[in-house]
Amino acid sequence: MTLPKNLGIEHPIIQAPMAGITTPEFVAACAEAGVLGSIGAGYLSAEATRDSIREVKRLTNKPFAVNLFVPEQTEMDQEQLRQAYLALHPIGKKIGLPFWKAPLSESSFDAQIAVIIDEGVNICSFTFGLPDETVIRDLKEHGVYLIGTATNVEEAILAEKVGMDAVVVQGKEAGGHRGSFLSEELITLDELLPSSIEAVRIPIIAAGGIANREQLELQLSRGAQAVQIGTALLAADESGAHPLHKEAVLAATGNSTVLTKAFSGKPARGIRNQFIDMMEGVPIAPYPYQNDLTKKIRAEAASKGNLEFMSLWAGERVGETAGGTVEEIVGRFVGKADG
Ligand SMILES: Cc1cc2nc3c(=O)[nH]c(=O)nc-3n(C[C@H](O)[C@H](O)[C@H](O)COP(=O)(O)O)c2cc1C
């Protein structure tokens, strides 16, 4: 059976899980448009994950996935944290936050897995690593279809080995965080897709810079069973992205994005702004601590409408993004006339 049939979707497209952006309304609109909706639950508590799942179920009967961040063991070095906090002070001052509290977050991964099983979610995708054996066994026993993320061939091979049913191969062009967990090397989708197809037998989903119908068809003709698109849907009317984030995405021409660890401690691609420039060469805490340290700054900037200090995640093909409803955007990918 092909991947779209397996997932129960009409078009070979997965709406990229985008933590912080994929509101239930957006996910349901994507599902209704015939693509796989995905709740980006990475930053949610278990209860918020449950609420989001229930709301999507209320809004649509179509299939959808939940995406989780696989937690990592990161050593916490107090001195390193202090340095990283101090390095953020000039930015804090600029937006009227001379001091701020930065409580360290805790992963809700295990509790989220319990919610996924409890709520009967059928499809679960992962980024930043692969879950351990017990979690995989548990999810499989409950019939959950598992999708891993790989940014190089070794990660794709491991995803297959541990029992993922399919794998997203994320080229360097992709917006948002890199899913990398074995190495941070940057590989274009053009290179990564064929080498992954050669190395693994599970279905492959191509991600990174897929901005139009031609690129969708090209990736399918090269052997991808589906594509995962983020940036192209980011500015949709139903998307939960901050209005200024949407404006910046729609206004972008060419590739105005860079990879940066400045916001979270993990490499991620977004539209270049003052925050990224000011953080050049200063100490940065490892993920997830840098994310905790910058959380208040990002929230303050968002509430003040200051896009220079927000994380404006977007992929290399951001310049090609057009607005509209989810249905209109999906229509452009699958050849239906705009509504
Ligand atoms: C705003 C934004 C947030 C993202 N958040 C997540 C996430 O929570 N989980 C995940 O697996 N991928 C996340 N990604 C990466 C996407 O899954 C996908 O790899 C990427 O969007 C594909 O490239 P494109 O943006 O050029 O379409 C995010 C991407 C963007 C643009």
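So, G265 first: G265 counts as buried, because there are 20 C-beta neighbours inside 10 Å. The cut-offs are 20 or more other C-beta atoms within 10 Å of a residue's own for buried, 12 or fewer for exposed, and partly exposed in between, with C-beta atoms placed from the backbone. You'll find G265 in the loop between β10 (257-260) and β11 (268-271). Those element names come from DSSP runs, helices being H or I with at least four residues and strands E with at least two, numbered from the N terminus.

Before I go on, this is a predicted model, with local features needing pLDDT of at least 70, side-chain atom pairs counting only at pLDDT 80 or more, and totals for chains, interfaces and linings using all residues. Residues are numbered from 1 along each chain as its sequence is written.

Back to G265. What does G265 touch, not counting residues up to four places away in sequence? The list is I284, A285, P286, Y287, P288, Y289, Q290 and N291. Contact here means that the two C-beta atoms, placed from the backbone, lie within 7 Å. On the other hand, the C-alpha atoms of G265 and P98 are separated by 22 Å, and these two are 167 residues apart along the chain.

Two of the residues on that list, Y287 and P288, are among those G265 touches, and they are joined by a cis peptide bond, omega about 5 degrees. P288 sits in the loop between α12 (274-278) and α13 (289-304). P283 has its place in that loop between α12 and α13 as well. P283 is partly exposed, with 16 other C-beta atoms within 10 Å. Leaving aside neighbours within four places in sequence, P283 is in contact with Q80, Q83, A84 and A87. From P283 to A262 it is 9.0 Å, C-alpha to C-alpha, for a pair 21 residues apart in sequence.

F128 is not a glycine, yet F128 has a positive phi of about 70 degrees. F128 is in the loop between β4 (123-127) and α6 (133-141). Buried or partly exposed, F128? F128 counts as partly exposed, because 19 C-beta neighbours lie inside 10 Å.

H142 is in the loop between α6 and β5 (145-150). H142 is partly exposed too, with 15 other C-beta atoms within 10 Å. H142 and N122 are 20 residues apart along the chain, and their C-alpha atoms are separated by 8.6 Å.

Now the ligand. How many residues surround the ligand? There are 31, and the closest are A19, G175, G176, G230 and G315. To be near, a residue needs its C-beta atom, placed from the backbone, within 6 Å. β7 (176-177), β9 (226-229) and α10 (231-234) each supply at least two residues of that shell, and α10 gives the most, with 3 residues. By class, the shell has 13 nonpolar, 16 polar and 2 charged residues. Nonpolar covers Ala, Val, Leu, Ile, Met, Phe, Trp, Tyr, Cys and Pro, charged covers Asp, Glu, Lys and Arg, and the others, Gly among them, are polar.

Last topic, helix packing. Two packed helices are described by the angle between their axes and the distance between the axes. The axes are lines fitted to C-alpha atoms, for helices over the stretch in contact, and angles run from 0 to 180 degrees between N-to-C directions.

Helix α3 (residues 46-59) packs with helix α5 (residues 109-118) at about 30 degrees, axes 8 Å apart. That makes α3 roughly parallel to α5; the cut-offs are under 35 degrees for roughly parallel, over 145 for roughly antiparallel, 65 to 115 for roughly perpendicular, and oblique for the rest. The contact has A46, T49 and R50 in α3 meeting A111, Q112 and V115 in α5.

Helix α2 (residues 24-32) also packs with α3, at about 40 degrees with axes 9 Å apart. α2 and α3 are therefore oblique to each other. Here P24, E25, V27 and A28 in α2 meet S52, E55, V56 and L59 in α3. Those residues divide into 5 nonpolar, 1 polar and 2 charged.

And then helix α7 (residues 153-162) and helix α8 (residues 189-199): their axes come within 9 Å and cross at roughly 35 degrees. V153, A156 and I157 of α7 make the contact with S195, S196 and A199 of α8. By class that is 4 nonpolar, 2 polar and no charged residues.
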